[in-house]
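Work through the exercises below with the model open. Try each task before reading its solution.

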Amino acid sequence: MSNTALLRLNPEFQRCLWLELTPTRLVLMPALLAVALAGLHLSNVANLAEWVLYILFFLLVLWGGRLAADCFVEEVAQGTWDVQRLSASNPWAMALGKVVGGTSYVWYGALCCLLALIVVPGTIDFVDLASTLVGGLAAQATALLVVLVLHRFDASRRRGSTTLAQMLGIVAAVPSLGPLAALSSLAKNWGGITQWYGAEFALPNFTLGHEIVMLAWLLLAVAWLIRLQLGHAPSPWPYLAFTVYEIAFVLGFLFTQKLIPPLPVMTGVAALVAAVLTYGAVLASPLHVSDVKRLLRAQDWGRRWDLLPSWLPAAALAVLLGVITVLAGGREWTLAAAVLALFLRDIALVAAVRLLARRRNALLLCVLAVLLYGLLPTVLDGIGGSNLKAWIFPTMGASALTLIGPWAQAVAALALVVMAWGRRKGV
Amino acid sequence: MLAKVARSELYKDILMSADFVSVRGLIFEYGSSRALDEVGFDLPAGSVTALVGPNGAGKTTLLRCLAGLERPLAGSIRIDGVDVLEQPRLAHAKLGFQQDFFGVYDQLSVRRNLLHAAAIQGMNEGDMESAAVWAAEAVSLSDRLEQKAGTLSRGLRQRLAIARSMVHRPRLLLMDEPASGLDPEARRELSGLIRTLGAAGMTLVVSSHILAELEDYSTHMLALRDGHSAQVAVLSGTTAAKPRWRLGLVGDAREALAGLHGMAEVSECEIIDGDVEFAFVGEPLARHHLLRHLVDQGVLVTSLAPTGGHLEKLYMGDRA
């Protein structure tokens, strides 16, 4: 394929190849790998293939994550990102171009490693190899996703987000994606088998399958954020779809061979997953006054839906599932009402902090979380036991009267949001 | 700068519509402060519009909104019939935006910078190379095609940024302070390029503080005041106000004034510092007839020249 053909197909990928794969670097990578493997061989390492896998992990996850984040951060720093935003390109092409093109040098190194695996002594498990390759791509996509999310908070931010993105990329790839998959991956060494919707899967294969699906979600998230950068209106569909997928994924673990869990258990777990994802989206979304005003000014429902923040439908879904759980007799209604109050309080507090605090609002939110979820409940529990704690925290078996506490907090937090909005909304 | 373009080649399918760029009720806010307030205007196809206004008037914000880089709070923007807010990528293919920073890839050569710019705007594979060469030639960078952008001087990087913005031959070219950083010779060449692109049928909106330069090539003026209003004035063409001319004289200016009063094309005559100023279309043959008439009347004419500052007067008059 000629340069211009690839340029037409994916301009971002070709641009990255031009920058990353210079003749000097093309020579340097295999030379360095050869020196490293020769050194290991001379050190009488028995299973050299396993070391190649470690090198792959270093290249794709540690270095690749940084390159993927840099690919975007450098563009913002050099002022070329606004030029890219004028592009008529497809956001998917740009997302793939950035994830794979920006990291093309480490993928070139990975290709050298794969070729080395043919000749070096020792063996490795195919699933381990595939998991490292997919995990590497996931780490890179995560790193890019993180810098894109941070850019939404502060478009003038030039640098400083790469390390955070790299770290979260590593988390995404060690050894898989998500706590459940990570646990299952750890358990593979115990020869474990997992059941999902009643079917049995070998844990390594299950983990790899989940990694691949999560990678697709990560790429969708990157493409969606790039789409937003290209001037399209946001839409909550992708995050709502991801929430439904995660609910379905987690519910699968409740099914054993012949046992179908009761409805309140399923809806309760689903509500919990939706609530956790709501918290994730609320914390990862900036709150710009103009976005809220745009939503309030929208003329029709289609437009309003497009402008909704992504966490709102997920939150509504969590509440709906919670209500169904209570109606189906899963939990006492007082506990559910207290949880709902704190759910509203937390969302309102995040909104108020975003509106009022111009800087360090992440630190402020951490302090509030420690105070409201750690310090205060513990102190009240110590003083008066669960009866006193119930006045500020959802507690099993608490009387209906104690609901005043959580709902007073929710009302106060909402009042704070109204006050903050009045201060920041301007004309 | 040589821009070998012709209307028939590039913009043969453009209808000369009066509302090629159409903006309605545009509101934009930075945080709680309003940068654009109910701005609305139409610009015809093929026009070269000088976007003027004091610092902080919202010129750059307006250009960024037109380019789809900023999402306004309310209002609509249509470019060649495409709603920029609904179909931003389709609009991007129709427009180019030279921003007030370079926005070039330092590690890539001039050629690759231009090829990349052409590719992201969806040009055909076969047209990209010739488009890159054309754009480089238009900004006098043909001899530096293989040079890395990072090694170019500030002025040359500015030229490359201009070339990147127009490489896909957009129907609308937005330029934000295009002359900043250019030496006098390059500025003159830039004026020539803008005139050529305008003559070829491209619609241009140029923001600058240097009114004299804008006057060289602008057919329209769009004035912005604190983001509150937008006013379009026609500077050339049949609906434009007539340019003003100054007649240098030896002797009594009142005689010349009396001589001019009889001429149909002349209006708004006044004596200023012993010379006579008047509004006059000023076509070469008409100038010849005017001078001959005055000489026949015995008026001692020493010079006839445009007063210049037409745009500035219009702008300052608008301010007043």
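**Exercise 1: A strand and its surroundings**

The model is predicted.

Task: Decide whether strand S7 of chain B is buried or exposed.

Solution. 
- Step 1. Take the cut-off: a residue is buried if 20 or more other C-beta atoms lie within 10 Å of its own.
- Step 2. Apply it to S7 of chain B, residues 172-176: five of the five residues are buried, so the strand is largely enclosed by the rest of the structure.
- Step 3. Check each face of S7(B). B:Leu172, B:Leu174 and B:Asp176 lie on one side, and these are buried. B:Leu173 and B:Met175 lie on the other, and they are buried too. Both faces are covered.

**Exercise 2: Strand pairing**

Task: Find which strands are joined to S7(B) by bridges, and in what direction they run.

Solution. 
- Step 1. Look at S6(B), residues 95-98. Four bridges join S6(B) to S7(B), and the two run parallel.
- Step 2. Pick one bridge of this pair: B:Gly96 is partnered by B:Leu173 in S7(B).
- Step 3. Turn to S8(B), residues 203-207. Five bridges join S8(B) to S7(B), again in parallel.
- Step 4. Pick one bridge here: B:Leu172 has B:Thr203 as its partner in S8(B).

**Exercise 3: The contact between the chains**

Task: Describe the side of chain B that touches chain A.

Solution. 
- Step 1. Count residues. Chain B gives 34 residues to the contact and chain A gives 30.
- Step 2. Assign elements. Those giving two or more residues on the chain B side are strand S2 (33-43) and helices H3 (88-94), H4 (110-120) and H5 (125-138).
- Step 3. Find the largest share. H4(B) supplies it, with five residues.
- Step 4. Sort by class. The chain B side has 15 nonpolar, 11 polar and eight charged residues.

**Exercise 4: Each chain as a whole**

Solution. 
- Step 1. Of the 427 residues in chain A, 41% count as buried.

Notes. Residues are numbered from 1 along each chain as its sequence is written. Chains are lettered from A and ligands numbered from 1 in the order in which they are written. This is a predicted model: local features need pLDDT of at least 70, side-chain atom pairs count only at pLDDT 80 or more; totals for chains, interfaces and linings use all residues. A residue is buried if 20 or more other C-beta atoms lie within 10 Å of its own, exposed if 12 or fewer, and partly exposed in between; C-beta atoms are placed from the backbone. Two strands pair if DSSP finds at least two bridges between them. Two residues are in contact if their C-beta atoms, placed from the backbone, lie within 7 Å. Ala, Val, Leu, Ile, Met, Phe, Trp, Tyr, Cys and Pro count as nonpolar, Asp, Glu, Lys and Arg as charged, and the others, Gly among them, as polar.
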